[in-house]
Amino acid sequence: MKRTIPKSTYITLVILALFASLYFEYISAHDMAVDYETRIDAQWNHNRNTLSQYNLKIQEAVQVPDIYRDDFIKTIQASMTGRYGQQGSKATMQWFQEHAIELPHQLYLQLQQMIEAGRNEFQNEQKKLLDLTRSYKRVTGTVWTGFMMNIAGFPSKEFTWSKYEILVDEQTQQQFSEKKAKAIKL
């Protein structure tokens with residue numbers, strides 16, 4: 001005797017499979033949104049750290065020429081005092097050849113390179129933040145995954161797009177708001 005499975009069992013299995021599929025889709029969308037928000041926040045904090053370290057390095061590096069200048073002046077004064085005495089040379093005629101003393105330009109070149117490297121590093125980190133936020137916006141705007149993320153409560157209430165906007169200088173902000181570019185003044 002052949003046993004047949006009732007149609008109601010098939011319908012029940014199909015409904016269970018549909019609910020299981022929706023449940024797993026919901027879980028996937030939820031986890032994806034959590035991942036995006038966590039990565040965006042981490043990248044934003046990384047950008048803050050990168051900019052902070054850059055600013056500190058530059059602030060510390062710009063002190064070096066001043067320290068060098070002060071040490072240079074002390075060295076010249078000590079050299080002249082050692083050579084000619086406390087009152088200087090009293091000779092009526094003195095024939096000597098002095099060498100022109102130059103400040104090393106390498107300090108300024110190194111500072112310029114630090115500034116450029118720091119700006120480039122920060123720009124790269126800002127690009128990463130832009131890519132992450134763009135991807136998240138795209139996913140939340142899709143029909144199915146975006147719908148599931150919305151049901152799961154994402155973007156979360158704590159997540160605000162404006163918090164994660166990239167930093168721009170005042171001149172750029174002004175030019176974009178006025179929709180007019182200006183020449184760079186050196």
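User: Which residues in H1 meet residues in H2?

Analyst: Contact here means heavy atoms within 4.5 Å. On the H1 side are Gln-59, Glu-60 and Ala-61, and on the H2 side are Gln-63, Val-64 and Pro-65. The model is a predicted one, in which local features need pLDDT of at least 70 and side-chain atom pairs count only at pLDDT 80 or more, while totals for chains, interfaces and linings use all residues. Residues are numbered from 1 along each chain as its sequence is written, and side-chain values use heavy atoms, with hydrogens and water left out.

User: How do H1 and H2 lie relative to each other, roughly parallel or roughly perpendicular?

Analyst: Start with the helices themselves. Helices are DSSP runs (H or I, at least four residues), numbered from the N terminus. H1 covers 7-61, and H2 covers residues 63-84. Next come the axes, which are lines fitted to C-alpha atoms over the stretch in contact, with angles from 0 to 180 degrees between N-to-C directions. The axes of H1 and H2 come within 4 Å and cross at roughly 15 degrees. Under 35 degrees counts as roughly parallel, over 145 as roughly antiparallel, 65 to 115 as roughly perpendicular, and the rest as oblique. H1 and H2 are therefore roughly parallel.

User: What is the angle between H1 and H4?

Analyst: H1 and H4 pack at about 80 degrees, and their axes are 8 Å apart. That makes the two helices roughly perpendicular. H1 brings Leu-22, Glu-25, Tyr-26, Ala-29, Met-32 and Ala-33 to the contact, and H4 brings Trp-144, Thr-145, Met-148, Met-149 and Ile-151.

User: How many salt bridges does the structure hold?

Analyst: Side chains of opposite charge can pair when their charged atoms come close. The test is a side-chain nitrogen of Lys or Arg within 4 Å of a carboxyl oxygen of Asp or Glu. The structure holds four salt bridges. One of them is Asp-41 with Lys-163, whose closest N and O atoms are 3.6 Å apart. Asp-41 is in helix H1 and Lys-163 is in the loop between H4 and helix H5 (170-178), so this pair ties together parts that are 122 residues apart in sequence. Asp-41 is partly exposed, at 26%. Lys-163 is partly exposed, at 36%.

User: Which residue forms a salt bridge with Glu-125?

Analyst: Lys-128 does, with the closest N and O atoms 3.5 Å apart. Glu-125 and Lys-128 lie in helix H3 (residues 106-140), three residues apart, or about one turn of the helix. Glu-125 is buried, at 9%, whereas Lys-128 is partly exposed, at 43%. Glu-178 also pairs, with Lys-182, at 3.7 Å between the closest N and O atoms.

User: Which residues make the nonpolar surface patch?

Analyst: A patch joins residues with over 30% relative accessible area and no salt bridge: nonpolar side chains (Val, Leu, Ile, Met, Phe, Trp, Tyr) within 5 Å, like charges within 9 Å. Areas come from the Shrake-Rupley method with a 1.4 Å probe; for residues, only the protein chains shown count as cover. Here the patch is about 930 Å², made by Ile-11, Ile-15, Leu-18, Phe-19, Leu-22, Val-143, Trp-144, Phe-147 and Ile-151. Helices H1 and H4 (144-151) are the elements that give two or more residues. H1 supplies the largest share, five residues. Ile-151 belongs to H4 and is partly exposed, at 47%.

User: Which backbone angles stand out at Pro-155 and Lys-179?

Analyst: Most residues other than glycine have a negative phi, and most peptide bonds are trans. The bond joining Phe-154 and Pro-155 is cis, with omega about -5 degrees. Pro-155 is in the loop between H4 and H5. Lys-179 is not a glycine, yet its phi is positive, about 60 degrees. Lys-179 lies in the segment after H5 and is exposed, at 72%.

Terms used
Buried < 20%, exposed > 50% of the residue type's maximum accessible area, 1.4 Å probe, protein only.
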